[in-house]
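Please open the structure in your viewer and follow the stops below in order.

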Amino acid sequence: MPERPSRRLMLTGALALATTALTGCGVRLEDDAPDLPFVPRREPIPAEQALLAVLGALEAGDEEHATERADLLREALVEAQVPESVIADASAPASDAETAAAFEAAVRECGAGMLGLVGRLTATHRITSPLGDKPRLWTTPPAEAWAAGKIAADALEATRATMYALDLIAARSSTTVSKAVLDTGTELEGLAVRQTTAAGKHVGSATLGYERPDDLRGSKAMEWGTESFGRLLAAYGACFDGLADDRDAALETVTWMVTAERLSRPRFAQPVPVLYGDTTATG
């Protein structure tokens, strides 16, 4: 006996109601879920594959705080509604070149809300892992003015403040220490020159003096230098929040952080944090 039209209408209505409940509540199908009528398959978040490769690399790393860094990225992916089953399948890239490419792709393509974390993760990985000692694997940023010139100008001001600190420390140090500190300041000046170009019309006049401790005798001066580089790294890390529309600049900011940390090592070594440039994620 043929099914009654009213019965078919009831079944169709129930299916539509279930579909509406799924989509209306913000539930997204996982990548391997079967297709359902009227329910679209899940769209990956921006740079999802690159971010998963970065997560895999962090999970496979044995650097100090590597586990905490992986946890930060995993939490961000969960918050972005990437299914936990997809996150659980994350694996490290097969080669150093692929790992470097994954980090750069993540910086270049991730959503604006994740750029601050991803930029700091990339800089930190380059600083703490052997991959950072292979510059040939990383893209050289273009030497052009930034679209976000004001952000570069803020970075320049932070660089100038650190250079001021180094000049004062050198003036109060022994001849041997003074020369090493001045050499550090000279290298830092190279960053300032580039930041001046990046800032373009937003470059302001150099400040004549910056706040400094009253006591700069002996070890106090070196402690101030260490604190100055910590503030510099934090200032560079803060740049990411304004660079969502200029990912070349975001990648260049990574290189500034790497350079600043390298310059700090001989005399003003930084305690290894969870994330360089992040004052809220300390280790």
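Begin by selecting helices α6 and α10: α6 passes α10 in a right-handed crossing (the near helix is turned clockwise from the far one by less than a right angle). Helices here are DSSP runs of H or I with at least four residues, numbered from the N terminus. The model is a predicted one, in which local features need pLDDT of at least 70 and side-chain atom pairs count only at pLDDT 80 or more, while totals for chains, interfaces and linings use all residues. Residues are numbered from 1 along each chain as its sequence is written, and side-chain values use heavy atoms, leaving out hydrogens and water.

On α6, select Leu115, Gly119, Thr122, Ala123, Arg126 and Ile127; on α10, the partners include Arg247, Val254, Met257 and Glu261.

Now move to Thr99, in helix α5 (residues 96-109). Is this residue buried or exposed? Thr99 counts as buried because its relative accessibility is 9%, where buried means under 20% relative accessible area, exposed over 50% and partly exposed in between, with a 1.4 Å probe and protein chains only. Leaving aside neighbours within four places in sequence, select the contacts of Thr99: Ala57, Pro93, His125 and Leu131.

Finally, select α8 (residues 175-199), a helix of 25 residues. Its buried residues, among them Val177, Leu188, Arg194 and Ala199, pack against α7 (149-171), α9 (219-239) and α10 (247-268). End at Gly200, which follows α8 and has a positive phi, near 60°.

Key. Helices (H or I, at least four residues) and strands (E, at least two) are DSSP runs, numbered from the N terminus. The expected span of a helix is 1.5 Å times one less than its number of residues. Contact means heavy atoms within 4.5 Å.
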